[in-house]
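Subject: Handing over the structure

Hi there,

Here is the structure I promised to pass on to you. Please have it open while you read, as my notes follow it part by part.

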Amino acid sequence: MVSDIFAVSASWSRSVIEFADGLDPWMQTAAEWGTDLFLGVFAILFLMAWWRARSVSSRLVGLALFAPVATVIAYAVSRTIKSFFEQLRPCQAMTDLNTIATCDPIGDWSFPSNHAAIAGAAAAAVIVAWRRFAVVAAVFAVLEAFSRVFVGAHYPHDVTVGLLVGALVATLVSLLAARPMTAVVDKLAQNDRLRPLLLTEDAAHGPQAERTRENAHSDA
């Protein structure tokens, strides 16, 4: 079963790489740049989620601020999983093909894709903090994953598992961190200098803030 999945994945990867090899040089360069630039989009989404959360509640601010941390944790999990597998990258295994990306040396293994794990984690963390941006975050995560196949760095199953691992880990740790991060934001917001960076006046004194404080007292 596993060998069948790998065979199909390798066949798809070969088809994509051959297609990419026939593109104009400027398109190949754009694809190579894009595979890293797509990750930069998530940094912008993190900032947008934090800025928007300031006008809603301390809980969402906490989730938005924790999003980069959740992404780093998911990346660490992906790297740990990768250390247990020694799967060659497409560019290492299919030497008859020309890939857009420079091929990494043997020992830098393929499964799962760390880039896809980062994208999946970042998208999930953004969605937890800002559900209305789910479609945009998911689209960029998929684009990042596909770009890794397109440039010849990974197989489709590498990026699929990477996306799933990243999303699952980031979602789990974000939800676990929601309550303590809310308490941290509420505590920091008591400082007059920090409050504007964390909560707008409406959010700091609105009904949502009152409910958060009441829940904190009841849990104490």
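Below is what I found, going from the whole chain to single side chains.

Please keep in mind that this is a predicted model. The protein chain has 10 helices and zero strands, so the pattern along the sequence is helix after helix, under the DSSP-based assignment. Its C-alpha atoms fill a box of roughly 65 × 35 × 25 Å along the principal axes. Of the 220 residues, 45% are buried. If you look at contacts between residues at least 6 apart in sequence, 78% of them join residues at least 24 apart. The accessible surface is about 12000 Å², with 66% of that belonging to carbon and sulfur atoms.

On to the charges. There are 16 positive and 19 negative side chains, and the centres of these two sets lie 12 Å apart. The count of salt bridges comes to three.

Arg14, Glu18 and Asp96 are linked in a network of salt bridges. Within it, Arg14 meets Glu18 at 3.8 Å, N to O; both sit in helix 1 (residues 2-21), four residues apart, or about one turn of the helix. Arg14 also pairs with Asp96, where the closest N and O atoms are 2.9 Å apart. Because Arg14 lies in helix 1 and Asp96 in the loop between helix 4 (90-93) and helix 5 (114-129), this pair ties together parts that are 82 residues apart in sequence. As for accessibility, Arg14 is partly exposed at 27% relative accessible area, Glu18 is partly exposed at 45%, and Asp96 is exposed at 55%.

The other pair to look at is Arg89 with Asp104, whose side chains form a salt bridge at 3.4 Å, N to O. This one links distant parts of the chain, 15 residues apart: Arg89 is in the loop between helix 3 (58-82) and helix 4, and Asp104 in the loop between helix 4 and helix 5. Is Arg89 buried or exposed? Arg89 is buried, with a relative accessible area of 5%, while Asp104 is partly exposed at 28%.

Finally, the surface carries a nonpolar patch formed by Val184, Leu188, Leu194 and Leu197, with about 310 Å² of accessible area together. Val184, one of its members, lies in helix 7 (residues 156-188) and is partly exposed at 39% relative accessible area.

Best wishes

Conventions. Residues numbered from 1 in each chain as written. Predicted model: local features only at pLDDT ≥ 70, side-chain atom pairs only at ≥ 80, totals over all residues. Heavy atoms only, no water. Helix = DSSP H or I, 4+ residues; strand = E, 2+ residues; numbered from the N terminus. Buried < 20%, exposed > 50% of the residue type's maximum accessible area, 1.4 Å probe, protein only. Contact = heavy atoms within 4.5 Å. Areas by Shrake-Rupley, 256 points an atom, 1.4 Å probe, with all protein chains shown as cover. Lys, Arg positive; Asp, Glu negative; His and termini not counted. Charge placed at Lys NZ, Arg CZ, Asp CG, Glu CD. Patch = residues over 30% accessible without salt bridge, like charges linked within 9 Å, V, L, I, M, F, W, Y side chains within 5 Å. Salt bridge = Lys/Arg side-chain N within 4 Å of Asp/Glu carboxyl O.
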